[in-house]
Amino acid sequence: TAKFTSSKVYKSLIGSHNPDQAFGWIWKSYCQPKHKVFCWLLFKDRLSTKNILRRRRMQLENFSCEFCGQGIEETSNHLFLSCPFALQCWGMINLITPDTDSILQGCDAFKTQLNSQFFMIAFILVAWTIWTARNSMIFNNTQMTLLDCKVFLLKEIRLVRWRVKPSLSVQ
């Protein structure tokens, strides 16, 4: 007789799907839950970028990136990896943005560049800073400068620092 278990049903429904290891990195990071969910949405391409809104048939004046004004559609890949503003934000922590169309590959490249066990915190918080600056521009009509972003990032880092185990906080 075959034993019925919920895990067997789940496996038969889902199949042998192996998610990218970056998804595990999110949940193991010391970031706040809001940051983790944000990053998960980013990796799943579910953030409400203008591209997603267009795909959902929402009517907007335009679907261009708010930062660069080059008429390029605001996709997650553009907003976080190729927009000149994003390049400057990643540059705040001395990262060179890889030439890729995949956020997951970008995260993996940043992991290699940072070579630190805390690379995911850096990735999540810089991406969060970019997202916050974008939303500030759209919803508050306020443009954050690079200095504003640096101050915001440092504030977020200080908050996450309290979540790190005391034995690791020196690093």
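1. The loop between α3 (33-43) and α4 (50-55) holds Asp 45. In this predicted model, Asp 45 has a positive phi of about 55°, although Asp 45 is not a glycine. Asp 45 counts as partly exposed, because its relative accessibility is 27%. For that label, the value has to fall between the buried limit, under 20%, and the exposed limit, over 50%.

2. A second residue of this kind is found further along the chain. Asn 115, in the loop between α7 (103-114) and α8, has a phi near 50°, again a positive value in a residue other than glycine. Asn 115 has a relative accessibility of 70% and therefore counts as exposed.

3. Is helix α1 largely in the open or largely covered? The helix runs over residues 6-14. Of its 9 residues, the number buried is 0, so α1 lies largely in the open. Tyr 10 is in this helix, and Tyr 10 counts as exposed because its relative accessibility is 55%.

4. Next come the charged pairs. Side chains of opposite charge can pair when their charged atoms come close. The count in this model is 5 salt bridges. The cut-off is a side-chain nitrogen of Lys or Arg within 4 Å of a carboxyl oxygen of Asp or Glu.

5. Lys 50 and Glu 66 form a salt bridge through their side chains, with 2.4 Å from N to O. Lys 50 belongs to helix α4 and Glu 66 to the loop between α4 and α5 (76-82), so the pair ties together parts that are 16 residues apart in sequence. How covered are the two partners? Lys 50 has 6% relative accessibility and so counts as buried. Glu 66, at 31%, counts as partly exposed.

6. Arg 54 and Glu 73 form another salt bridge, with their closest N and O atoms 2.5 Å apart. This pair links distant parts of the chain, 19 residues apart: Arg 54 is in helix α4, and Glu 73 is in the loop between α4 and α5. Arg 54 is partly exposed, with a relative accessible area of 37%. Glu 73 also counts as partly exposed, at 26% relative accessibility.

7. Which elements does the salt bridge between Glu 74 and Arg 134 tie together? The N to O distance in this pair is 2.8 Å. Glu 74 lies in the loop between α4 and α5, and Arg 134 lies in helix α8, so the parts tied together are 60 residues apart in sequence. Glu 74 counts as buried, at 0% relative accessibility. Arg 134 is buried as well, with a relative accessible area of 3%.

8. Helix α8 also holds Ala 127. Ala 127 is buried, with a relative accessible area of 1%. In sequence, Ala 127 and Cys 39 are 88 residues apart, while their C-alpha atoms are 7.9 Å apart in space. The pair is a plain example of sequence separation and spatial distance being two separate things to check.

9. The second largest pocket has about 160 Å³ of space. Its lining consists of 10 residues, and those nearest its centre are Trp 25, Lys 28, Ser 29, Gln 117 and Met 120. Two or more lining residues come from each of α2 (21-28) and α8 (119-140). Of these, α8 gives the most, with 3 residues. By class, the lining has 7 nonpolar, 2 polar and 1 charged residues.

10. Arg 134 in α8 pairs with Glu 74 from the loop between α4 and α5, buried Ala 127 is in α8, and α8 gives the most residues to the lining of the second largest pocket.

Technical notes:
Residues are numbered from 1 along each chain as its sequence is written. This is a predicted model: local features need pLDDT of at least 70, side-chain atom pairs count only at pLDDT 80 or more; totals for chains, interfaces and linings use all residues. Side-chain values use heavy atoms; hydrogens and water are left out. Helices (H or I, at least four residues) and strands (E, at least two) are DSSP runs, numbered from the N terminus. Buried means under 20% relative accessible area, exposed over 50%, partly exposed in between (1.4 Å probe, protein chains only). On a 1 Å grid over the protein atoms alone, a cavity is a set of points where a 1.4 Å probe fits but cannot get out, and a pocket is an open set with protein on both sides within 12 Å along at least five of seven lines; lining residues have an atom within 4 Å of a point. Grid points are joined across faces, edges and corners, and a volume is the space filled by probe spheres set on the points. Ala, Val, Leu, Ile, Met, Phe, Trp, Tyr, Cys and Pro count as nonpolar, Asp, Glu, Lys and Arg as charged, and the others, Gly among them, as polar.
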